[in-house]
Amino acid sequence: MVDVTAQQDPFLEHRRLLFATAYRMLGTVTDAEDILQDTWLKWHDTDQSTVRHPKSYLVRTVTNLSLNRLTSAQATRENYVGPWLPEPLLTTPNIAEETELADTVSTAMLVVLETLSPVERAVFLLREVFGYTHAEIADTLDRPEPTIRQIAHRARTHVQSRRPRFDTDQAERDHITAQFMAACAGGDLNALMDLLAPDVTLWNDGGGVVTAARRPLHGPDHVARWLLGVFAKPVSAGFELESAYINGELGTLACMGGNPGGAFTYDIVDGRIQNLRFQVNPGKLKGLYIEPLG
């Protein structure tokens, strides 16, 4: 059996970049891995000797396959049961230390990207995240360069107007995360409410598979009582909370027997949790079991 290394195979060499591109495009680990499998098949069905720039070819393939998948997925997401949240993905602390990189993979940013059209999303990511020129993007998407420039400007303006403001002080985030876990585990309503911003909102994604809040919850009293109610249920007995780097930021995993059954990600503004996202859909937790992205 021949051992094919990354140095021999451009697909393996650039696999992490390709996965990062597909994941940011689609917001789901499962779909991103499907795209990589399809890209691998197309790459190995291609006469590779005719490909002058393998990396560009592979990124183009991933982007266009993701565009097709995202277009078809939009109809499914419109009929989704309850709030739709991106699939959480374990990341290394290295990403958290690089603020700009962490922002591009954060759950908050992925939620904003959902408000773009598929083409706007592709152009924004290729331009703002991966640094491609307008000409390179035009070649990748097979569209005129002036059109790409217009799309890039529109997408950037759209994202900037919706990008949430949050604090980036890591020590503060570590402290608040520890307090959040302690308050939830101890059933301390007052302590939990003190951690939540006056305008806090919680989104809970169960996908109709497990019991979850079908609508966003607003306000510290409502959010805190609902959370403690969840952890007080018999089905939650045995869950332990532990901190982990999720989508480039320190978050919280709810684990049973060492296996993640849910993931909290949140934005911290002025020392309090403002936007709280709780992913519990079993079909969307695969990214908590794979090697962390970094």
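This is a predicted model: local features need pLDDT of at least 70, side-chain atom pairs count only at pLDDT 80 or more; totals for chains, interfaces and linings use all residues.
1. As for its place in the fold, aspartate 205 belongs to strand 1, which covers residues 196-205.

2. The side chain of aspartate 205 has polar partners. One is tyrosine 80, whose side chain is joined to that of aspartate 205 by a polar contact of 2.6 Å. Another is lysine 284, where the polar contact between the two side chains is 2.7 Å.

3. When neighbours within four places in sequence are left aside, aspartate 205 is in contact with Tyr80, Pro83, Trp84 and Leu85, among others. The list of contacts also includes Ala212, Phe278, Gln279, Val280, Asn281 and Lys284.

4. The next matter is the division of the chain. The domain assignment places residues 10-93 and 100-162 in domain 1, and residues 170-284 in domain 2. Between the C-alpha centres of domain 1 and domain 2 there is a distance of 29 Å. To the contact, domain 1 contributes 23 residues and domain 2 contributes 24 residues.

5. The interface may be described by area and by pairs. About 1,800 Å² is buried between domain 1 and domain 2, and carbon and sulfur atoms give 58% of this area. What is the count of salt bridges between domain 1 and domain 2? The count is zero. Polar contacts, however, are present: 12 residue pairs are joined in this way between the two domains, with both residues at pLDDT 80 or more.

6. Helix 7 gives the most, with four residues. Sorted by class, the side of domain 1 that touches domain 2 has 16 nonpolar, six polar and one charged residues.

7. Is isoleucine 137 buried or exposed? Isoleucine 137 counts as buried because its relative accessibility is 0%. Not counting residues up to four places away in sequence, isoleucine 137 touches Val123, Leu126, Arg127, Tyr132 and Ile148. Alanine 122 stands 15 residues from isoleucine 137 in sequence, and their C-alpha atoms are 8.9 Å apart in space.

Terms used:
Residues are numbered from 1 along each chain as its sequence is written. Side-chain values use heavy atoms; hydrogens and water are left out. Helices (H or I, at least four residues) and strands (E, at least two) are DSSP runs, numbered from the N terminus. A polar contact is a pair of N or O atoms within 3.5 Å; within protein, one must be able to donate a hydrogen and the other to accept it, and residues adjacent in sequence count only if both atoms are side-chain atoms. Contact means heavy atoms within 4.5 Å. Domain bounds come from an automatic or database domain assignment. Buried area is the accessible area (1.4 Å probe) that two parts lose on being put together, summed over both. A salt bridge is a side-chain nitrogen of Lys or Arg within 4 Å of a carboxyl oxygen of Asp or Glu. Ala, Val, Leu, Ile, Met, Phe, Trp, Tyr, Cys and Pro count as nonpolar, Asp, Glu, Lys and Arg as charged, and the others, Gly among them, as polar. Buried means under 20% relative accessible area, exposed over 50%, partly exposed in between (1.4 Å probe, protein chains only).
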